[in-house]
Amino acid sequence: MMKEIRTFKIHPAIGIARLGNSPDKFFIGTELPGANNPPEGGYKDEKMKVKRQAARFRIFGYDEDGNAVKEITAADADITWTVHLANKKAAWKAFDGLDLNRPLRNRLETNRSRLIIDPGERTLNKINASVLFDTGTFYDKVVPLGEMKMDKNGRLLVLGGCGIAASPKNISLTDGEFANNDGWHDDVSDGPVNASVKLKGALKYERALPSWVICAPPDFAPAIGHVISLYDTLLQVAIDKLNYQLPDIPSFTNDIYPLLKRANNVQWVSMMMWEMHQKNKHSPASMESKHKIMDHANPLITDAALRRKVFSKLTDPNDPLGGEDNDMPMMWSDYYHDQTRDDGKPRNQTLCEWQYNYLEKWSKGLFYNDWNGSPVQSSAITPGGIDKSALENCVGGPFFPGIEAGWYVRDLHKFSEPFRLSHALLSAGDITKQMALPWQADFFDCQQDDELAWWPAQRPDKVFIDDTPHMHNWTRGHVKDYQTMVHNWYKLGFVIKKDDMYVESERNP
């Protein structure tokens with residue numbers, strides 16, 4: 001017997017939409033953890049413009065014990081959606097790492113409201129209806145931030161902007177200024193997602209526990225997950241601040257294998273990681289041949305020496321400046337050049353504590369050997385699965401400043417429950433205001449150098465082209481500086497899985 005529904009929640013708790021300049025083509029972001037197949041027809045339209053990624057929101061009914069009973073659709077209830085998007089970047093503080101005490105961007109502008117792109121709230125209560133966020137302005141220039149749609153089932157789709165960045169006053173981008181260009185705007189945005197629900201036969205509307213949406217830059221390597229995803233980082237926040245309890249013993253299939261595979265796959269978008277894998281491919285610590293990607297996981301289960309050797313390469317989150325050879329995952333940290341390790345190398349980003357602790361247990365043989373030869377891919381839509389799938393393809397570090405969200409979301413913002421932002425002290429635009437302005441400048445600047453990488457699993461550094469024996473610059477031909485990234489970002493290719501490789505596709509000639 002189905003239990004009585006007492007409360008409602010919107011999922012995902014944080015939805016991710018992505019910018020694109022295709023005028024009418026879009027796709028819906030994955031709702032299944034671990035699923036990242038290209039949309040039908042690819043990531044670009046027939047004119048080679050990038051499709052927007054829509055964030056889809058669903059409402060679930062919960063019983064008195066907090067268990068999900070069922071999804072609530074238009075067949076079950078009258079639903080009213082309300083969304084508020086805004087872009088506050090130009091009115092916020094300049095970004096400089098973890099420093100809170102920076103001067104404001106555009107500090108000479110006394111009318112700060114002219115710097116905020118805020119079209120206000122939009123509401124939908126009819127299926128197959130839509131409305132635009134098209135009345136916000138930067139100075140006197142209208143800057144559209146996207147739209148929202150209510151589908152035939154009463155679910156909500158939020159689509160972000162078209163990837164447009166500009167300076168109404170024709171101010172040039174500053175050479176070397178990746179985050180704080182005065183006089184500029186882009187069309188990144190974020191804001192609260194609310195819904196009211198009246199079940200058939202009920203007398204009044206009930207408010208669902210609200211959600212949030214982030215309209216972020218594209219992910220150009222969606223098939224390759226981040227070693228530290230935003231899901232991983234916010235899971236650590238839930239552990240530290242909300243007393244969230246993880247199982248004491250990790251599952252190899254669900255906890256260990258996905259993390260190791262993500263770390264392994266970075267080689268397809270990073271020359272540094274590719275060369276490291278090629279150097280070590282005949283050693284006991286690496287099972288990869290040129291075109292194999294974690295296809296044989298058994299040694300990671302049975303070979304105790306291999307497990308210990310892999311773990312020994314990881315930087316300890318509790319001692320990030322110590323050690324000599326433990327420099328994995330070889331990414332720049334939030335501190336950038338502010339701190340160096342004992343061996344003189346720059347401080348690198350460490351895994352989340354829960355990731356490190358689980359891998360330590362794995363190295364000691366303390367894990368459930370539930371491996372059946374391949375990762376498990378569920379086809380069931382669940383509230384928790386929707387929450388996870390939205391965040392696991394986002395950057396969880398380093399936050400310098402990041403791509404979807406910055407370090408505020410980890411260190412300062414409050415959560416009402418795991419992964420769900422508290423709306424009490426937040427308003428539209430607060431999550432993305434810390435990010436680079438415009439985002440394209442950061443996308444140009446944050447490419448790998450000779451020491452460490454930034455976010456190659458989303459902004460590739462190097463890529464393979466089909467069966468070519470060497471890697472190529474991802475930005476070759478189209479981009480040479482900030483300005484050309486502003487104009488040509490959509491011409492860059494997407495990295496997809498092809499047979500046993502990950503290769504560039506859909507690159508404009």
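This is a short walk through the model, one selection at a time.

Before you click, know that this is a predicted model, in which local features need pLDDT of at least 70, side-chain atom pairs count only at pLDDT 80 or more, and totals for chains, interfaces and linings use all residues. Residues are numbered from 1 along each chain as its sequence is written, and side-chain values use heavy atoms, with hydrogens and water left out.

**Stop 1: a chain of rings**

Select Phe-252 and Tyr-257. Their rings form a tilted aromatic pair, 6.3 Å centre to centre with 55 degrees between the planes. For the rule behind that: rings of Phe, Tyr and Trp (its six-membered ring) pair if their centres lie within 6.5 Å, and planes under 30 degrees apart count as stacked, over 60 as edge-to-face and the rest as tilted. By this rule the count comes to 30 aromatic pairs.

Buried or exposed, what is Phe-252? Phe-252 is buried, at a relative accessible area of 0%, and Tyr-257 is buried too, at 4%. Here buried means under 20% relative accessible area, exposed means over 50%, and partly exposed is in between (1.4 Å probe, protein chains only).

Tyr-257 lies in helix H2 (residues 252-265), while Trp-371 is in the loop between helix H6 (353-363) and helix H7 (383-391), so the pair ties together parts that are 114 residues apart in sequence. Helices (H or I, at least four residues) and strands (E, at least two) are DSSP runs, numbered from the N terminus. Trp-371 is buried, as is Tyr-257.

**Stop 2: H2 against H6**

At what angle do H2 and H6 pack? The angle is about 105 degrees, and the axes of H2 and H6 are 11 Å apart. Axes are lines fitted to C-alpha atoms, for helices over the stretch in contact, and angles run from 0 to 180 degrees between N-to-C directions. H2 and H6 are therefore roughly perpendicular; angles under 35 degrees count as roughly parallel, over 145 as roughly antiparallel, 65 to 115 as roughly perpendicular and the rest as oblique.

Contact means heavy atoms within 4.5 Å. The residues where H2 touches H6 divide into 7 nonpolar, 1 polar and 2 charged, with Ala, Val, Leu, Ile, Met, Phe, Trp, Tyr, Cys and Pro counted as nonpolar, Asp, Glu, Lys and Arg as charged, and the others, Gly among them, as polar.

**Stop 3**

Go to Val-266, in the loop between H2 and helix H3 (271-280). Val-266 is buried, with 9% relative accessible area. Leaving out residues up to four places away in sequence, Val-266 touches Ile-224, Val-227, Met-273 and Pro-456.

**Stop 4: a buried glutamate**

Next, pick Glu-31, in the loop between strand E3 (26-28) and strand E4 (52-62). Glu-31 is buried at 10% relative accessible area. Which residues does Glu-31 touch, not counting those up to four places away in sequence? They are Arg-56, Arg-58, Ile-381, Gly-385, Ile-386 and Ser-389.

**Stop 5: charges over rings**

Select Lys-433 with Trp-92: the charged end of Lys-433 sits over the ring, 3.7 Å from its centre. Lys-9 lies over the face of Tyr-62, at 4.6 Å from the ring centre. A charge sits over a ring if NZ of Lys or CZ of Arg is within 6 Å of the ring centre and within 35 degrees of the ring normal.

**Stop 6**

Most residues other than glycine have a negative phi, and most peptide bonds are trans. Now look at His-11 and Pro-12, joined by a cis peptide bond with omega about 5 degrees. Pro-12 lies in the loop between strand E1 (7-11) and strand E2 (14-18). Another cis bond joins Phe-400 and Pro-401, with omega about -10 degrees.

Met-330 counts as buried at 12% relative accessibility. Finish at Asp-499, with a positive phi of about 55 degrees; at 66% relative accessibility, Asp-499 counts as exposed.
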